[in-house]
Amino acid sequence: MTARVAQYTLDVSDLDRMARFWSAALGYTVSQGDDGNAKLYPPPGRPGPTVWLQGSGTPKRGKNRLHLDLVADEGQTAEVERLIGLGARRADVGQTGAEGFVVLVDPEDNEFCVLDGPPR
């Protein structure tokens, strides 16, 4: 018996802002109720976990112990620039520049990486 990743959950302070960012970043659709949470769904026919944005009302503290690694359809450089245009920022977590990934943070400073290709 094994487990699989079904959903990625992220605590957020500004639900609307984070739903806009992550839905645009991933190409997911948003289902947002009035309970302070939102669920993001991948496009039909594209496998992937859902994303649960859980309104927490508290700011992030410290470095994430778990983060997303994204792979772009159109190349790493273009994807990094697109994500920065959506509100991401570059982050320095001690990388050397030879890793094959770029570290970014979302609008609430949650780290994630953009890989230069499929995970090796």
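**Exercise 1. Determine which strand gives the most to the lining of the largest pocket, and describe that pocket.**

Solution. Strand E5 gives the most to this lining, with 4 residues. The model is a predicted one, in which local features need pLDDT of at least 70, side-chain atom pairs count only at pLDDT 80 or more, and totals for chains, interfaces and linings use all residues. Residues are numbered from 1 along each chain as its sequence is written, and side-chain values use heavy atoms, with hydrogens and water left out.

Step 1. The volume of the largest pocket is about 490 Å³. On a 1 Å grid over the protein atoms alone, a pocket is an open set of points with protein on both sides within 12 Å along at least five of seven lines, a cavity is a set where a 1.4 Å probe fits but cannot get out, and lining residues have an atom within 4 Å of a point.

Step 2. The pocket is lined by 19 residues, of which Ala25, Leu26, Arg46, Leu70 and Val71 are the closest to its centre.

Step 3. At least two lining residues come from each of helix H1 (15–26), strand E5 (68–71) and helix H2 (76–86). Helices (H or I, at least four residues) and strands (E, at least two) are DSSP runs, numbered from the N terminus.

**Exercise 2. State whether Glu79 is buried or exposed.**

Solution. Step 1. Locate Glu79: the residue lies in helix H2.

Step 2. Glu79 counts as buried because its relative accessibility is 14%; buried means under 20% relative accessible area, exposed over 50%, partly exposed in between (1.4 Å probe, protein chains only).

Step 3. Leaving aside neighbours within four places in sequence, Glu79 is in contact (heavy atoms within 4.5 Å) with Ala25, Ala72 and Val114.

**Exercise 3. Describe the largest cavity and its lining.**

Solution. Step 1. The structure holds 1 cavity of 30 Å³ or more, and the largest cavity has a volume of about 40 Å³.

Step 2. Among its lining residues are Tyr8, Trp22, Asp106 and Phe112. Strand E1 (7–12) and strand E8 (111–115) are the elements that give two or more residues to this lining.

**Exercise 4. Give the order of the strands in the open sheet of 4 strands.**

Solution. Step 1. The order is E1-E4-E3-E2, with mixed pairing; two strands pair if DSSP finds at least two bridges between them.

Step 2. E1 and strand E2 (29–32) are the edge strands, each pairing on one side only.

Step 3. Strand E3 (residues 37–41) pairs with strand E4 (residues 50–55) in the antiparallel sense over 4 bridges. Lys39 stands opposite Trp52 in E4.

Conventions
Grid points are joined across faces, edges and corners, and a volume is the space filled by probe spheres set on the points.
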